[in-house]
Amino acid sequence: MSMHSRYIWMDGELLPYERATLHFLTPALHYGVGAFEGIRCYSTKEGPAVFRLYDHIERLVQSARVLGFRSLPYSVDDLVDAVRLTVRTNGFTECYIRPLIYLAGGGWNLNIDGGRAAVGIAAWEWTNYLGSEALERGVRANISSFTRHHPNVAMTKAKITGNYANSFLAKTESVRLGFDEAILLEPQGYVAECTGENLFIVKRGRIVTPDLAPVLEGITRDSIVSLAHDRGIEVVEAPVSRDQLYTADEVFVCGTAAECIGLREIDHRVIGTGTMGPITKMLQEEYRAAVHGSHMRSQSWLTYVGEAAAVPARKLARA
Ligand SMILES: Cc1ncc(COP(=O)(O)O)c(C=O)c1O
């Protein structure tokens, strides 16, 4: 995967890719004090469009507030404009977008008030997060030996950079064991989520998903719930036990990077028929239609990036 692009937006300027660098003593690097988003831009008949951009930027700002930043240098509208500018200037029709708010200076006494928030936005071309076969065949998962954060240990509603050490532990273990993805249990032992996706089970035509308390409030999760409701499928939030996974008709996960993907095997147990189940398939197709602008929900969920117009001079850093 190449993460290369022409420009990266940093604090109001579009810098050439090679110049978007930070000092070794940037405190965010040492203490994980940052908040980020993962967003995607898709091609549509009307041009490139970002999926649920406002929702992502609002979650980014909320994550920064949860982390303790009292003020940020940019508003939600500023950041939405900056994302659109970054995609447009790079000339991408489809890409992954990574905004990051981070502690750029100060804070060495572990007090965020002593530091300053800075913001960067990168974008790069990226398609299949869990591999090209995953969308069609589904993937194999294990229950991680690592527990998901307790909500009062690390704030599970916020995409705080430091929280993702937990995802790294689980995902690395999972891949080393020969699986594709890890499922994490919350401290009580019920199913929480995967390292970067929310999880659903299907049993007798009804969908069940863990309640939001210990997990990230996924924007894809919310979209999938809406798409299921549109099709008259009941979705219930309830505790999900490990053995409910094993006995489900279908299990699927969803997230911005992974989209909507079936789990065909968990802990060496085949799930359902071992292929993508009909409800997973239907929701995967509806989701793909929504992100590509051909679903009745698309208009309210897509923000078009606009023409690849000239970038205002004040926004382009001198190379
Ligand atoms: C831990 C975790 N859960 C769930 C998700 C899915 O969230 P979203 O659908 O907003 O991408 C993500 C991805 O950001 C994640 O990192």
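Predicted model: local features only at pLDDT ≥ 70, side-chain atom pairs only at ≥ 80, totals over all residues.
Domain bounds, as I use them this morning, come from an automatic or database domain assignment. Residues are numbered from 1 along each chain as its sequence is written.

Let me start with the domains. The chain is divided into domain 1, covering 7-126 + 300-315, and domain 2, covering 134-276, and the C-alpha centres of the two lie 27 Å apart. To their contact, domain 1 brings 18 residues and domain 2 brings eleven, where two residues are in contact if their C-beta atoms, placed from the backbone, lie within 7 Å. On the domain 1 side, the elements that give two or more residues are helix 1 (27-31), strand 3 (34-36), strand 4 (39-42) and helix 2; helices (H or I, at least four residues) and strands (E, at least two) are DSSP runs, numbered from the N terminus. Helix 2 gives the most, with six residues.

Helix 2, residues 53-67, also packs on helix 3, residues 76-90, at an angle of about 125 degrees, with the axes 10 Å apart. Axes here are lines fitted to C-alpha atoms, for helices over the stretch in contact, and angles run from 0 to 180 degrees between N-to-C directions. Helix 2 and helix 3 are therefore oblique to each other, given that angles under 35 degrees count as roughly parallel, over 145 as roughly antiparallel, 65 to 115 as roughly perpendicular and the rest as oblique. In this contact, Leu-53, Tyr-54, Ile-57, Glu-58, Leu-60 and Val-61 of helix 2 meet Val-76, Leu-79, Val-80 and Val-83 of helix 3. By class, that gives nine nonpolar, no polar and one charged residues, with Ala, Val, Leu, Ile, Met, Phe, Trp, Tyr, Cys and Pro counted as nonpolar, Asp, Glu, Lys and Arg as charged, and the others, Gly among them, as polar.

Turning to helix 6, this element packs against helix 8 (residues 278-291) at about 110 degrees, again with axes 10 Å apart, and the two are therefore roughly perpendicular to each other. The contact is made by Ser-223, Ile-224, Leu-227 and Ala-228 of helix 6 together with Leu-283, Glu-286, Tyr-287 and Ala-290 of helix 8, which by class are six nonpolar, one polar and one charged.

Finally, the ligand. Helix 6, residues 219-230, also provides the largest share of the shell around the ligand, three residues. The residues surrounding the ligand include Gly-38, Glu-193, Asn-198, Leu-216, Arg-221 and Thr-256, and the shell divides into two nonpolar, seven polar and three charged residues.

How values were computed:
Near = placed C-beta within 6 Å.
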